[in-house]
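Thank you all for coming; I would like to walk you through one structure this morning, taking each part in turn.

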Amino acid sequence: MDNKMTIKFSSVSENEAFARNVIASFLISSDPSVEWLSDIKTAVSEAVTNAIVHGYPSGGGEVEMKAEITDKYLHIVVSDKGVGIENVDEALEPFYTTKPDEERSGMGFTIIKTFTDKLTVSSEKGKGTTVDMIKYFDGGEGNI
Amino acid sequence: MDIKYSVTKGNLYIYLSGELDEFSARIGKDRLDGIIDGNINAQNVVFNLSKLTFMDSTGIGILLGRYRKLKKTGTPSFIQSPSVSVNKVLQISGLYKVMPKI
């Protein structure tokens with residue numbers, strides 16, 4: 001069954017777990033495997049944490065999470081209207097972090113890339129960032 | 001996230017349970033450092049993750065930070081019993097190169 005959802009929530013760290021639980025609840029009816037669900041929860045956690053920590057470094061702001069499910073794939077878009085990323089290619093590199101003093105690993109996007117089938121990041125300085133993720137149910141490269 | 005510890009035969013075992021994300025890491029980091037500082041003579045430090053149900057890349061940062069802290073006193077550190085999902089994150093990050101899985 002095709003299904004869609006959109007939520008908006010405040011940019012506070014407490015909502016990282018909230019977003020993970022929302023996506024898990026949204027997926028219940030499609031009966032995903034434990035591993036598949038766990039990959040998605042991790043990818044969502046990375047994207048939402050990025051929006052909260054990096055998108056809105058001085059707090060405030062809202063994060064939006066949209067999800068669409070079909071019998072072939074799950075499509076999730078996490079977006080913020082925060083500070084944006086100056087160089088997206090650099091941000092996608094493993095171990096790249098702008099906050100090494102805060103013990104950030106710089107592995108967020110690498111984990112999303114590994115745990116989903118397609119990742120697109122678009123960002124504009126001062127306007128915000130959109131993280132677009134697709135994961136296929138059969139793990140393949142099916143056409144959309 | 002809940003953190004408990006025990007000392008057995010001179011080794012410090014730290015047990016993490018629940019979910020380790022950016023929110024829980026903020027509180028967890030100080031508690032971990034407190035436990036490590038209070039057991040400075042431990043021969044080895046073992047992070048037991050058997051009851052950790054979720055961890056994202058924030059957890060990698062936290063564990064790497066503790067590795068660096070322990071390295072200063074020459075104390076080897078290890079990871080024990082991660083769940084399948086936590087293990088996947090740890091493997092991708094390459095953390096086992098510095099904190100081997102036992």
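Predicted model: local features only at pLDDT ≥ 70, side-chain atom pairs only at ≥ 80, totals over all residues.

In chain A, five strands make an open sheet, ordered S1-S2-S3-S5-S4, and their pairing is antiparallel. Strand S1 (3–10) and strand S4 (118–124) of chain A are found at the edges, and each has a single partner strand, so one side of each has no neighbour in the sheet. On average, and ignoring direction, neighbouring strands of this sheet are turned by 10° against each other. If we follow S1(A) to its partner, strand S2 of chain A, residues 62–69, we find that the two run antiparallel and are joined by eight bridges. Within this pairing, Lys8(A) stands opposite Glu64(A) of S2(A).

Two packed helices are described by the angle between their axes and the distance between the axes. For H1(A) and helix H2 of chain A, residues 34–55, that angle is about 145° and the axes are 9 Å apart, while the crossing of H1(A) past H2(A) is right-handed. Among the residues making this contact are Ala19(A), Ile23(A) and Leu27(A) from H1(A), and Trp36(A), Ile40(A) and Val44(A) from H2(A). Sorted by class, the contact of H1(A) with H2(A) has 10 nonpolar, four polar and three charged residues.

Four strands form an open sheet in chain B, in the order S1-S2-S3-S4, and here the pairing is mixed. S1 and strand S4 (77–80) of chain B stand at the edges with a single partner strand each, so that one side of each is left without a neighbour in the sheet. Neighbouring strands of this sheet are turned, on average and with direction ignored, by 20° against each other.

The helices of chain B come next. Helix H1 (residues 22–38) and helix H2 (residues 57–72) of chain B pack at an angle of about 20°, with their axes 10 Å apart, and H1(B) and H2(B) are therefore roughly parallel to each other. Their crossing is right-handed. Residues of H1(B) including Glu22(B), Leu32(B) and Ile36(B) take part in the contact, as do residues of H2(B) including Ile62(B), Arg66(B) and Leu70(B). By class, this contact has five nonpolar, one polar and six charged residues.

Finally, how many residues does the contact take from each chain? Chain B gives 21 residues and chain A gives 25 residues. The area buried between the two chains is about 1,800 Å², with carbon and sulfur atoms giving 53% of this. On the chain B side, Glu22(B), Lys88(B) and Ile92(B) lose the most area to chain A, together 28% of what that side buries.

How values were computed: Residues numbered from 1 in each chain as written. Chains lettered and ligands numbered in written order. Heavy atoms only, no water. Axes fitted to C-alpha atoms, helices over the stretch in contact; angles between N-to-C directions. Parallel < 35°, antiparallel > 145°, perpendicular 65-115°, else oblique. Left-handed = near helix turned anticlockwise from the far one by under 90°. Contact = heavy atoms within 4.5 Å. Nonpolar A, V, L, I, M, F, W, Y, C, P; charged D, E, K, R; others polar. Pairing = 2+ DSSP bridges. Buried area = accessible area lost by both parts, 1.4 Å probe.
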